[in-house]
Amino acid sequence: MIRAGSLLRPLRVLGRFCAGRANQQTSRMGTLSVTDAVNALRPFYFAVHPDFFGQYPREREVNENSLKQLNSYLERMQRPGQKALQPTQLTFYIRATNRDPNTPQRSLNTSGFRAVTFTLQSKDLLGTVLKILKSCSLPTDHVRDSQVDKGLNHRNGEVPFSRPIRWDKTYYSFTGYRDPEEELDSTVRMEPALGLWLHKNIAAATERLTVSIPLRDELDRLETELCQRLEISDIRWQRSWGVAHRCSQLHSLARFCQQNSQVLCNVKGHTLIFADNSGMNAAGQIMLGTVDVHQHWTKLLERLPIYYDLHSHLSVLRERTSYLLGDVELIYDEDLHPTMMLEDYYRMLKTFHQNLAVIQPLFHPRSLKGLQIILENDSSAPSLLRSGQLSIPVTCDPTALQWFILAHAQRARTYLRREEELEVEQKKLISDCTEKFGLKRLYKEPSVSSQQMVKCCQRLFEGHISELQGMHLCISHFYSVLQDGDLCMPWDWKQ
């Protein structure tokens, strides 16, 4: 089930850029106003929004991650004095329709979606919007028509008036595209209360869960055996693959172990992650590409001593950089940068350190101990995250960085303390709810904050729900029954 609030969230990212400009009727970048960009991208957001992919976790996760990158790119474009942006490659899954006669069959996956990949490298908002729409085979006439109308108004000496684009209903009937307003109204009407949704879907979830139980047991057995055999600390997955998919990956790893026992000594004590690409991430975890053949895994494991050496250099460089910043902690956030490779992070940190090393330490030793910095590989302005970390671009001017940290240090400490308290409260509430409702497992998606999880669990614990006995419950942004029987419910569910 699709929620109206989450559906419009990407549109509001652009909409926020209009705030603070009350003395202007439009805010412009190139020849397209921000308001026009919001409306021009509506068909795109409705085509790729993750909430439409509830039954397809892989495609949903790809679209969700790409939307985060896209929104960040658009946000940086609006900042005054913004330098040239780094080219950003994005991939989205779009449902193939009969309006795509030129789509080759090989570009379609088994779920009937086609993958669209494009690179954004323009600082012009109009060019960026057109690039997105064209890449996804979406109409662009409404964008061009809007620009023609504004050009005529300018020549007549009129001030352009920014207003939403409202197409006649016949436009959607003729083109076959969905009417965003009608879709949104339908979504609002159809959003059910939690109890009603559980009553309608609990039988299907129970059936899928029952079928998946043998596979879940097999997954636990394989994971335990491989961790003990390889003497590794953990096995994880970068994406939300199903239980059957995970089992097949572990069977593949088990066969690899039988044939390549010599190189496996290099993984001892580390964490293995099944990911899109092979390598080592910025946290020092070993990533095995799920589409790579065993020969690629062998080459990676043979190069692990080189990666370990680079990781040691990274630790030293991190300590030196921390000293220049009053012993602030430089952290790598897997949720923000899940695919950041070790060599890329090392280059980022080296650039940042070289930028700071030309002057004396900016702060007294240990004066900023307890604060956390997350590095960003772009030219955006420094910012304070709600979780308490200071997000700093690697090319940030040292003087500007010094003033920013001094101005936000106290608030950052307050945010960090609040986040720690929320995590403690969240852990207790998860335990209490699991016990009260007899859940097999209660967890949340990374996109759900600790504050949202706490609010959700508090309301759950106060409620009286009898259908959750023995179920796996995931707190998300939408209603869905996953392929293995996990129940997904929005954190701000209705009574």
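Reply: S137 is partly exposed, because its relative accessible area is 42% and that class runs between buried, under 20%, and exposed, over 50% (1.4 Å probe, protein chains only). The model is predicted, so local features need pLDDT of at least 70 and side-chain atom pairs count only at pLDDT 80 or more, while totals for chains, interfaces and linings use all residues. Residues are numbered from 1 along each chain as its sequence is written, and side-chain values use heavy atoms, leaving out hydrogens and water.

The place to look is the loop between α6 (125–135) and α7 (141–155), where S137 sits; helices (H or I, at least four residues) and strands (E, at least two) are DSSP runs numbered from the N terminus. The phi of S137 is near 60°, a positive value in a residue that is not glycine. Most residues other than glycine have a negative phi.

D327 is another example to inspect: its phi is near 65°, again positive and again in a residue other than glycine. This aspartate belongs to the loop between α13 (304–324) and β9 (329–330). With 24% relative accessibility, D327 counts as partly exposed.

On the α13 side, the residues in contact (heavy atoms within 4.5 Å) include Y307, L310, H311, L314, L317 and L324. From α14 come, among them, L342, Y345, Y346, L349, F352 and L356.

Now turn to α10 (residues 194–230) and α11 (residues 243–259), where the angle is about 30° and the axes are 9 Å apart. These two helices are therefore roughly parallel to each other. Among the residues that α10 brings to the contact are L215, L219, L222, L226 and L230, together with R216, E218, E223 and R229. Helix α11 answers with residues including V243, A244, C247, L250, L253, A254 and C257.

Helix α10 also holds G195, which counts as partly exposed because its relative accessibility is 40%. If you follow the chain for 271 residues from G195, you reach S466, yet the C-alpha atoms of the two are separated by 9.2 Å.

Finally, have a look at N63 in helix α5 (residues 57–77). This asparagine is buried, with a relative accessible area of 0%. Leaving aside residues up to four places away in sequence, N63 touches V48, P50, F53, T91, F92 and Y93. Of these neighbours, F92 leads you on to an aromatic cluster, which it forms with F44, Y45 and F118.

Technical notes: Axes fitted to C-alpha atoms, helices over the stretch in contact; angles between N-to-C directions. Parallel < 35°, antiparallel > 145°, perpendicular 65-115°, else oblique. Phe/Tyr/Trp six-rings, centres within 6.5 Å; stacked < 30°, edge-to-face > 60°.
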